Amino acid sequence: MPQTITYRDALNQALREELRRDPNVFVIGEEVGEYGGAYKVTEGLIQEFGPERVIDTPISEEAIVGAGIGSAMVGLRPVVELMTINFSLLALDQIVNHAAKLRYMSGGQVSVPVVIRAPQGAGLQLGAQHSQNLEAWYAHVPGLKVVIPGTPVDAKGLLKSAIRDNNPVIFLEHEILYGMKGEVPEEEYTIPIGVAEIERSGKDVTLISYSRMRTLCMKAADQLAEEGIETEVIDLRTLKPLDTETII
């Protein structure tokens with residue numbers, strides 16, 4: 001039977017399950033431990049796994065991401081939490097010139113299995129420096145994967161896949177979605193990275209969406225149905241790799 005939980009709790013479950021499954025997984029970031037994360041995604045993890053696997057850091061995004069990249073290079077699987085994607089600009093060199101390129105520059109000798117999680121998006125009155133959407137920037141960087149789920153079930157399944165992936169993954173969470181509720185299987189599952197989901201079938205028009213816009217497109221499809229227009233809604237779920245076959 002599926003459980004009905006929030007997007008936030010789905011992410012928390014994914015982290016908890018992967019920390020239990022693999023001792024090489026750890027979480028690192030500002031206030032991820034005692035405070036439970038700026039958006040409470042890591043709440044309760046330090047109590048179960050301790051401060052060596054749920055690590056609070058100083059306010060230095062370059063150092064946080066750098067520590068994640070270095071530990072990934074020697075076999076660990078860090079999940080780096082940035083308080084907001086806007087602050088990732090302070091670690092842009094680490095992300096773009098190191099995480100994305102090391103595997104290729106080393107001829108495949110070094111992998112960088114790091115997940116960089118970050119909230120983003122406008123709508124919570126957090127100010128201009130906290131409300132940007134920077135997924136397009138990262139989707140244009142060779143060597144990075146960009147995952148951007150729009151539902152609790154996708155958030156959990158895709159985060160688990162991202163943690164198990166041997167490549168650096170930028171995992172983006174729209175702040176307004178954290179309180180969104182949805183059905184999530186109680187049993188173990190993952191969702192493959194790079195596969196879009198046809199959320200609604202329709203023969204007249206197609207809406208291609210991701211993240212929060214998936215929900216708004218579903219509402220638009222309901223309104224169009226009242227006018228007799230059958231609308232297909234596609235949720236990309238991943239921007240890189242992009243599921244062009246489903247889109248076409």
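Author: A residue counts as exposed when its relative accessible area is over 50%, as buried when that area is under 20%, and as partly exposed in between. The model discussed here is a predicted one.

Reader: What makes K203 count as exposed?

Author: The relative accessibility of K203 is 65%, and since exposed means over 50%, K203 counts as exposed. Its partner in a salt bridge is D204, with 3.3 Å from N to O.

Reader: Why is the pairing of K203 and D204 called a salt bridge?

Author: The term requires a side-chain nitrogen of Lys or Arg within 4 Å of a carboxyl oxygen of Asp or Glu. The N to O distance for D204 and K203 is 3.3 Å, so the pair meets that requirement. In general, side chains of opposite charge can pair when their charged atoms come close. A search of the whole structure finds 17 salt bridges.

Reader: How do you know that E18 and R21 form a salt bridge, and where do the two residues lie?

Author: The closest N and O atoms of E18 and R21 are 2.8 Å apart, which is within 4 Å, so the pair counts as a salt bridge. Both residues belong to helix α1, where they are three residues apart, about one turn of the helix. E18 has a relative accessibility of 0% and is therefore buried, the cut-off being under 20%. R21, at 41%, falls between the cut-offs and therefore counts as partly exposed.

Reader: What makes the salt bridge of K160 and E188 a link between distant parts of the chain?

Author: The side chains of K160 and E188 meet with 3.3 Å from N to O. K160 is in helix α7, whereas E188 is in the loop between β8 (181–184) and β9 (197–200), and the two are 28 residues apart. K160 has a relative accessible area of 0%, so K160 is buried. Through shared partners, salt bridges join E17, E18, R21, K156, K160, R164 and E188 into one network.

Reader: Why are helices α1 and α7 called roughly parallel?

Author: Two packed helices are described by the angle between their axes and the distance between the axes. Helix α1 (residues 7–21) and helix α7 (residues 152–164) pack at an angle of about 30°, with their axes 8 Å apart. Angles under 35 degrees count as roughly parallel, and α1 is therefore roughly parallel to α7. The crossing of these two helices is right-handed. On the α1 side the contact is made by Y7, A10, L11, Q13, A14, L15, E17, E18 and R21, and on the α7 side by P152, A155, K156, L159, K160, I163 and R164. Sorted by class, the contact of α1 with α7 has nine nonpolar, one polar and six charged residues.

Reader: How do you know that α3 and α4 are roughly parallel to each other?

Author: The axes of helix α3 (residues 61–73) and helix α4 (residues 92–99) come within 8 Å and cross at roughly 25°. That angle is under 35 degrees, so α3 and α4 are roughly parallel to each other. Here E62, V65, G66 and I69 in α3 meet Q94, I95, H98 and A99 in α4. By class, the contact of α3 with α4 has four nonpolar, three polar and one charged residues.

Reader: Why is V112 called buried, and which residues does V112 touch?

Author: V112 has a relative accessibility of 1%, and as buried means under 20%, V112 counts as buried. V112 lies in the loop between α5 (102–105) and β5 (115–120). Residues up to four places away in sequence aside, V112 touches I69, A72, M73, A99, L102, N166, N167 and P168. V112 and N167 are 55 residues apart in sequence, with their C-alpha atoms 5.5 Å apart in space.

Key
Residues numbered from 1 in each chain as written. Predicted model: local features only at pLDDT ≥ 70, side-chain atom pairs only at ≥ 80, totals over all residues. Heavy atoms only, no water. Axes fitted to C-alpha atoms, helices over the stretch in contact; angles between N-to-C directions. Helix = DSSP H or I, 4+ residues; strand = E, 2+ residues; numbered from the N terminus. Parallel < 35°, antiparallel > 145°, perpendicular 65-115°, else oblique. Left-handed = near helix turned anticlockwise from the far one by under 90°. Contact = heavy atoms within 4.5 Å. Nonpolar A, V, L, I, M, F, W, Y, C, P; charged D, E, K, R; others polar. Buried < 20%, exposed > 50% of the residue type's maximum accessible area, 1.4 Å probe, protein only.
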